[in-house]
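This briefing covers pockets, cavities, domain contacts and backbone exceptions. Please keep the structure open while reading.

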Amino acid sequence: MAGIVLIGAQWGDEGKGKATDLIGTRVDYVARFNGGNNAGHTVVVDGQTYALHLLPSGIINPNIIPVIGNGVVIDMEVLFQEIDALESRGIDCSKLLVSDSAHIIAPYDRVIDKVTERFLGKHKIGTTGRGIGPTYADKINRVGIRVHDLFHPDHLRDKVEASLHQKNQMLVKLYNRRAIDVDQTTEELLKLGERLRPYVANTQNVLNQALNQDNTVLFEGGQATMLDIDHGTYPFVTSSNPTAGGACTGTGVGPTKIDRVIGVSKAYITRVGEGPFPTELDGEEGEWLRAQGHEYGVTTGRPRRCGWFDAVVNRYATEVNGLTDIVLTKLDVLTGLERIPVCVAYQVENADGTVTRHDTMPTDQEAFATARPIYEELPGWSEDISQVRRFEDLPVNTRNYVHRLEELSGCRISAIGVGAAREQIISVHDLLD
């Protein structure tokens, strides 16, 4: 039995898709446990690039069973578009299993998401507008649509009507929008549900049986630690728990069945959307990192905000997730820099004007919002490292950079990405041993 959790250790876009696919060649199941199609993973296999949003990244491997767990919210139209796109390229999606307890993103959730974000103006959160937040809100308010509801027409209509009762009043009276029709929405969901039916399963039972039979299950988180609804930079967060604990609640697998927690970090750091970002670079340096790293969102296409590696964030991720290993990605992007700054602590100005050094993540979000990075500079390198496959063959300054990040993060770095392709990775420690 081996349960392995793979999560993002920063603000997302760390390269989890590549790491998941790398590990997925040696596992039996890959299960998504949170989020929806606001997450994006890019996987490059044999020169082919696959952009995935809802489907587990391991679906590219024909030998694994991909699972969408109960903690995921599903836009069925997006799911089918993704399946169709992969199958048109020769990828078999027939093994996919979808939890019968997962929640469905209804058409009205997308509408609510877009109009409320627009209404917030300068106070906007930076949502992708895909209905993720409203669907999780429906879940908590106990008016959500679950997968198994799609196969009970009368019950489904009652749930849609109950959910729209308040939403339509808000749309009409507050946002001056047209009310959403109950019957039309119900029919749309029923039609999509029929196509979903062959994939539906009791995935909680499937995954527990798999672990009991000594299969290896990889639990894949969408988004990342600093976007966690409880542990991220609230309120500029997602609506679910992408930290390691979410793997248990999002699949129905107990914590004693988790053996390893792997965090993925870039060799620098990026963020999409609103919210504080202590090491963010404005101007030429930020533009250089964005261009070198091709930092544009897989899901939204938005340019990512870029900054230097933040060791405070990584130490926090190590603690919150109980990380056992780190996969460091995009190390090749830093090639050519003479000096590379690394944030080792924050400087925070208090209300009384005094300044405090923070070596750990401030729990006060106001303090974090005003935090200024304290940098340590490390020597860079100019050698091309994209073809290196052994750690000892890296330039000495590159090895020293990795060792310092490892020391600052409080967790061993077990694999290093040196390019976008599947094979462009250096294994330092066996992730499954």
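The second largest pocket has a volume of about 260 Å³. On a 1 Å grid over the protein atoms alone, a pocket is an open set of points with protein on both sides within 12 Å along at least five of seven lines, whereas a cavity is a set where a 1.4 Å probe fits but cannot get out; lining residues have an atom within 4 Å of a point. Grid points are joined across faces, edges and corners, and the volume is the space filled by probe spheres set on the points.

The model is predicted: local features need pLDDT of at least 70 and side-chain atom pairs count only at pLDDT 80 or more, while totals for chains, interfaces and linings use all residues. Residues are numbered from 1 along each chain as its sequence is written, and side-chain values use heavy atoms, with hydrogens and water left out.

**Second largest pocket**

- The second largest pocket is lined by 15 residues, of which Tyr136, Lys139, Ser239, Ser240 and Asn241 are the closest to its centre.
- At least two lining residues come from each of α4 (132-140) and α8 (245-249), and α4 gives the most, with four residues. Helices (H or I, at least four residues) and strands (E, at least two) are DSSP runs, numbered from the N terminus.
- The lining of this pocket has five nonpolar, nine polar and one charged residues. Ala, Val, Leu, Ile, Met, Phe, Trp, Tyr, Cys and Pro count as nonpolar, Asp, Glu, Lys and Arg as charged, and the others, Gly among them, as polar.
- Because domain 1 (2-99 + 199-263) and domain 2 (103-196) both give residues to the lining, the second largest pocket lies between them.

**Largest cavity**

- One cavity of 30 Å³ or more is found in a search of the whole structure, and the largest cavity has a volume of about 50 Å³.
- Its lining consists of Asp75, Met76, Glu77, Ile104, Ile105, Pro107, Arg110, Glu188, Leu189 and Leu192.
- Two or more of the lining residues come from each of α2 (76-87), α3 (107-120) and α6 (182-196), with α6 giving the most, three residues.
- By class, six lining residues of the largest cavity are nonpolar, none are polar and four are charged.
- The largest cavity lies between domain 1 and domain 2, because both give residues to its lining.

**Domains and their contact**

- The protein is divided into domain 1 (2-99 + 199-263), domain 2 (103-196) and domain 3 (265-427), with bounds from an automatic or database domain assignment.
- The centres of domain 1 and domain 3, taken over C-alpha atoms, are 24 Å apart.
- The contact (heavy atoms within 4.5 Å) takes 37 residues from domain 1 and 40 residues from domain 3.
- Domain 1 and domain 3 bury about 3100 Å² between them, 58% of it on carbon and sulfur atoms. Buried area is the accessible area (1.4 Å probe) that two parts lose on being put together, summed over both.
- Two salt bridges are counted between domain 1 and domain 3; a salt bridge is a side-chain nitrogen of Lys or Arg within 4 Å of a carboxyl oxygen of Asp or Glu.
- Arg260 and Asp325 form a salt bridge, with their closest N and O atoms 3.4 Å apart.

**Backbone exceptions**

- Most residues other than glycine have a negative phi, and most peptide bonds are trans.
- The peptide bond from Tyr234 to Pro235 is cis, with omega near 10 degrees; Pro235 lies in the loop between β10 (216-220) and α8.
- Arg142 has a positive phi, near 65 degrees, and is placed in the loop between α4 and α5 (153-174).
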